[in-house]
Amino acid sequence: MMRGLFKRRGPQAVEQYGAPGQGSGTAISAVTIVLILGGWWVVTQLGLIRPLFLPAPEMVISKFAKIACTEHYFEQMLVAVGGMAKVEAKCHGFSDHALHEHILWSLYRVFGAFALATVTAIPIGIAMGMNRHARGVFDPPIEFYRPIPPLAYLPLTIIWFGIGESGKLFLIFLACFAPIAINARAGVRSVSIEQIHAAYSMGASHRQVLRQVVLKAALPEILTGMRVAIAFGWTTLVAAEMVAAKAGIGVMVLNAARFLATDIVFLGIIVIGAVAFIFDLMMRRFERALVPWKGKV
Amino acid sequence: MTAIVSLNRVSVEFPAVDGAGVVKALEDVSLDFRDNEFVVALGASGCGKTTLLNVIAGFLQPTSGEILHKDAPIRGPGPDRGVVFQKHALLPWLNVLENTEFGLKLQGVAKEDRLSRARDYLALVGLSDFERYPIYQLSGGMQQRVGLARALTCDPDMLLMDEPLGALDAFTRENMQELVLDAWRKTRKVVFFITHSVEEALFMATRLIVMSPRPGRITHTYDIDFCDRFFETGNARAVKSSPEFIALREEVLSIIYGEETGDGLP
Ligand SMILES: Nc1ncnc2c1ncn2[C@@H]1O[C@H](COP(=O)(O)OP(=O)(O)O)[C@@H](O)[C@H]1O
Ligand SMILES: [Mg+2]
């Protein structure tokens with residue numbers, strides 16, 4: 001029986017002597033995740049840590065159900081298909097909004113700012129790579145503000161934009177802008193001079209070289225920049241929502257902390273992590289589909 | 001016969017690495033390329049072969065001297081002079097066929113027309129079955145063949161090749177020599193071909209120019225016809241092992257080595 005088990009495995013990749021980090025780490029990661037979740041559960045079941053500091057997993061799950069108004073929406077669905085006369089479960093949510101409303105507000109802010117950053121940073125980054133004047137103009141401000149933590153210039157965005165949506169968008173926009181511009185600029189350098197020469201000696205104009213050679217060659221790095229940028233966007237979200245926001249995952253976390261509702265803080269953190277992770281996966285898919293040649297030449 | 005491209009006392013100087021003085025990459029080079037010629041430049045590394053090609057291609061303006069294409073000065077690169085690079089310089093986001101038709105697309109040729117022309121040249125280099133392949137899945141020799149087909153598709157007067165076979169293994173390289181000669185015979189382009197293999201140079205050239213470094217210049221010129229013998233017999237090995245071929249090979253080798261030992265010492 002044991003032999004049958006071993007036989008079923010396909011041919012194993014040959015280990016290469018000295019190659020760093022070879023082999024798959026997926027199984028180990030799965031064990032790590034199970035251990036963390038299991039440890040969390042055990043510690044809270046045994047009452048080793050007070051729920052104020054570490055709420056039990058089931059508390060977080062029940063908070064999820066409550067804030068997401070699962071029952072309310074389930075009943076609404078039943079009413080729609082005629083299985084129920086009237087929705088009875090109430091939807092309280094948290095801070096006057098159901099979970100999906102918080103998520104949508106945050107998505108709107110992060111992706112609105114990200115979209116703005118994308119359409120401005122790509123042309124500016126490309127221009128910086130192509131042209132010394134553009135590089136001279138944009139390099140100092142970008143390199144100056146890039147390492148400053150968003151919290152440090154948050155007060156400034158309030159003074160400039162007030163407490164409305166535009167200040168929040170601007171804060172996240174700044175976080176997204178630098179990585180995209182810097183990667184687009186670096187991407188320009190990944191086109192080889194031979195590729196440019198080849199295009200010119202086939203009759204290309206400057207414009208054609210820019211659009212059909214340089215931009216294409218820079219695409220893998222631009223996409224990397226976008227991936228980094230969206231992660232920065234999520235990182236900055238909570239800071240942005242600190243200022244007079246009505247809804248949003250960051251608002252939810254901050255309000256919950258004020259009431260010492262640790263389970264909701266946990267829920268918010270997990271939701272941000274999950275949403276960011278899903279978008280990173282999507283970006284990777286997108287990358288594989290759009291630049292299959294990446295790393296192969 | 002009229003010259004397609006002619007260089008008249010062309011010199012190119014670069015600033016020296018230490019900042020003081022200049023490197024004379026080319027000095028007083030005069031050279032005519034006539035119809036249907038296969039000119040091979042041979043010389044040790046650093047003798048200005050690439051610089052010469054860059055001047056002809058228009059990637060580099062000479063410091064002094066004159067360079068004409070059909071009696072008009074060359075001011076920059078253009079589709080009348082096709083280039084094949086040592087490292088293929090193909091575009092990895094395009095497949096084999098798209099790479100080959102890229103030049104015609106840049107020039108605004110209609111799709112039907114450019115596809116049929118690209119397919120003709122892919123057939124010429126023996127890659128008809130690989131149209132849809134991404135170029136990073138091809139071997140080095142196949143990539144160079146795409147590079148050749150791409151340059152030919154634009155139908156230039158002249159084809160410039162900078163050590164196009166330099167990165168290939170010996171066996172592929174010999175096959176490619178025959179393929180390039182075959183393409184040349186069928187398309188009737190003027191070819192300027194750079195190599196540092198003496199055997200390759202003698203086998204392919206109708207005119208061989210030997211260059212020497214510091215300052216880069218042409219020291220010897222040979223009019224030869226070993227490629228015609230290959231076309232008659234179809235037997236490359238027989239041509240390369242004939243007594244005349246070996247004698248000339250030794251002569252050229254002694255020129256190159258003579259120079260190297262000659263100025264090796266201060
Ligand atoms: N862009 C450059 N700047 C400075 N020196 C250069 C440059 N390009 C070539 N050279 C110098 O010019 C000489 C000829 O170079 P090159 O034409 O590349 O020789 P080859 O192709 O025959 O090996 C060399 O000494 C090289 O160092
Ligand atoms: Mg060279």
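Analyst: B:Asn99 has 0% relative accessibility, and therefore counts as buried; the cut-off for that word is under 20% relative accessible area. The model is predicted. B:Asn99 belongs to helix α2 of chain B, which covers residues 96-106. Leaving aside residues up to four places away in sequence, B:Asn99 touches B:Leu90, B:Leu91, B:Leu94, B:Ile135, B:Val146 and B:Arg150.

Next comes a strand of chain B. All six residues of strand β9(B), residues 207-212, are buried, so this strand is largely enclosed by the rest of the structure. In a regular strand, the side chains alternate between the two faces of the sheet. On one side of β9(B), the buried residues are B:Arg207, B:Ile209 and B:Met211, and on the other they are B:Leu208, B:Val210 and B:Ser212, so that both faces are covered.

The strand also has partners. Strands pair through backbone hydrogen bonds, in a parallel or an antiparallel way. β9(B) shows both arrangements: it runs parallel to strand β3 (residues 38-42) of chain B, with four bridges joining them, and antiparallel to strand β10 (residues 217-223) of chain B, with six bridges. B:Leu208 takes part in both pairings, with B:Val40 as a bridge partner and B:Tyr222 in β10(B) as another. β9(B) and β10(B) form a hairpin, with four residues between the two strands. In the turn, B:Arg214 has a positive phi of about 45 degrees.

Chain B also has an open sheet of four strands, in the order β2-β1-β4-β5, with antiparallel pairing. β2 and β5 (72-73) stand at its edges with a single partner strand each, so one side of each has no neighbour in the sheet. Inside this order, strand β1 (residues 3-15) and strand β4 (residues 64-69) of chain B are joined by five bridges in the antiparallel sense. One of these pairs B:Ser11 with B:Ser64 in β4(B).

The residues around ligand 1 include B:Phe14, B:Val23, B:Ala25 and the run from B:Ala44 through B:Ser45, B:Gly46, B:Cys47, B:Gly48, B:Lys49 and B:Thr50 to B:Thr51. By class, five are nonpolar, five are polar and one is charged. For B:Thr50, a polar side-chain atom lies 2.6 Å from an oxygen atom of ligand 1, and for B:Thr51 the distance from a polar side-chain atom is 2.5 Å. The protein covers 60% of the 560 Å² of accessible area that ligand 1 has on its own.

After α11(A) comes A:Leu260, with a positive phi near 55 degrees.

Conventions
Residues numbered from 1 in each chain as written. Chains lettered and ligands numbered in written order. Predicted model: local features only at pLDDT ≥ 70, side-chain atom pairs only at ≥ 80, totals over all residues. Heavy atoms only, no water. Near = heavy atom within 4 Å. Polar contact = N/O pair within 3.5 Å; in protein donor to acceptor, adjacent residues only side chain to side chain. Areas by Shrake-Rupley, 256 points an atom, 1.4 Å probe, with all protein chains shown as cover. Nonpolar A, V, L, I, M, F, W, Y, C, P; charged D, E, K, R; others polar. Buried < 20%, exposed > 50% of the residue type's maximum accessible area, 1.4 Å probe, protein only. Contact = heavy atoms within 4.5 Å. Pairing = 2+ DSSP bridges.
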